[in-house]
Amino acid sequence: MHLFVDNLTNVDFSYLDYQRGLVGETWLASAALNGALDSQGMVCDFGVVKKTLRHWLDAELDHRLLVPIRSPHVQLQRNGGQIKVSWQYAGGEQLEVSGPEQAFAVVEAKEINTNSVAQWCVAQLDEVFAASVDQFVLSFSVEEIAEAFYHYSHGLKKHAGNCQRIAHGHRSRIRIEIDGCRSPQWERNWASRWKDIYLGSRVDLQRQTEDTLEFAYRAQQGDFALRLPARCCELLECDTTVEQLAQYIANTLAAVLPGQQVQVRAYEGLGKGAVASAGKTAE
């Protein structure tokens, strides 16, 4: 008997890619289980499956940096509960990121994609479901977005939860209205501007050169640091919560569109976000 759970949950994270660098991403998880019917006429209890999977994905993938440990472009060091990762881009540039072990998912794969991560997750979860089902399959998919969207990574040191991790991210829609009319052109402009971007707060900037930016901070979970090419980053004067990102976009547009009302609907991953306004009618 085949049991399936579509659109079980979504995970927001960042990962390392040889061509793209540090990539913020949002995936939707679905699961399938094959097995014989038990005395209740079920393969297994839906409630148990969903609760177990959601908890594991939230704990082990969500808001982490996924590192393909079998890649020839990565070096990883562990020291006293901390992890330091060095990553080489296709063009020879370097990224370094460090933080508590819980901020990383070290994936046994050469590269991060929906298939490699799904296979790794199944291997990690084998013991959980082996006794109750014959086969467990996990799959990931991305939200179908016909309009503009961007991938961004960031860290929120003031956050009490896992958003404080310095390199996690999202794949996000954006909707922009100018004087009440939608502007696909400005949406595409920001999607291009924030393609595979790291959004850094100036207050966390420790060192800056022409080619490199270095961020570091101490949060509740521990010490975090990130060094990456300057071309992959936009430096903001505010924190990078979705509320402040929406306002940042609105204010930036209002400055170049004097006398016009700007409204920005910025998403943070799937199905959530913030709306901000600026310009002639903004309060």
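Guide: One term before we start: a polar contact is a pair of N or O atoms within 3.5 Å, and within protein one must be able to donate a hydrogen and the other to accept it. Also keep in mind that this is a predicted model.

Visitor: Good. Which side chain makes a polar contact with Trp-194?
Guide: That's Glu-234, and the contact between the two side chains is 2.9 Å. The Glu-234 side chain also has a polar contact of 2.5 Å with the side chain of Tyr-248.

Visitor: And where does Glu-234 sit?
Guide: You'll find Glu-234 in strand β16, which covers residues 233-236.

Visitor: Is Glu-234 buried or exposed?
Guide: Buried: the relative accessible area of Glu-234 is 11%, and the cut-off for buried is under 20%.

Visitor: What does Glu-234 touch, leaving out residues up to four places away in sequence?
Guide: Its contacts include Arg-193, Ile-197, Tyr-198, Leu-199 and Gly-200, along with Trp-194 and Tyr-248.

Visitor: Switching to charges now. How many salt bridges does a search of the whole structure find?
Guide: The search gives 20. As background, side chains of opposite charge can pair when their charged atoms come close.

Visitor: Show me one. What is the partner of Glu-108?
Guide: Glu-108 pairs with Arg-70, with 3.1 Å between the closest N and O atoms. The two come from distant parts of the chain, 38 residues apart: Glu-108 is in the loop between β7 (104-107) and α2 (114-129), while Arg-70 is in the loop between β3 (65-68) and β4 (74-79).

Visitor: How accessible are Glu-108 and Arg-70?
Guide: Glu-108 is partly exposed at 44% relative accessible area, whereas Arg-70 counts as exposed at 53%.

Visitor: What about Arg-175, which residue does it pair with?
Guide: Arg-175 forms a salt bridge with Glu-177, where the closest N and O atoms are 3.4 Å apart. Arg-175 is partly exposed, at 31%.

Visitor: And Lys-280, what does its side chain meet?
Guide: Asp-179, in a salt bridge of 3.8 Å from N to O. Lys-280 lies in the segment after β18 (273-279) and Asp-179 in the loop between β10 (168-178) and β11 (181-182), so the bridge ties together parts that are 101 residues apart in sequence. Lys-280 is exposed at 55% relative accessibility, and Asp-179 is partly exposed at 34%.

Visitor: Last one: which residues do salt bridges with shared partners join into one network?
Guide: Glu-143, Glu-147, Arg-173, Arg-182 and Glu-187 are linked that way.

Methods. Residues numbered from 1 in each chain as written. Predicted model: local features only at pLDDT ≥ 70, side-chain atom pairs only at ≥ 80, totals over all residues. Heavy atoms only, no water. Salt bridge = Lys/Arg side-chain N within 4 Å of Asp/Glu carboxyl O. Helix = DSSP H or I, 4+ residues; strand = E, 2+ residues; numbered from the N terminus. Buried < 20%, exposed > 50% of the residue type's maximum accessible area, 1.4 Å probe, protein only. Contact = heavy atoms within 4.5 Å.
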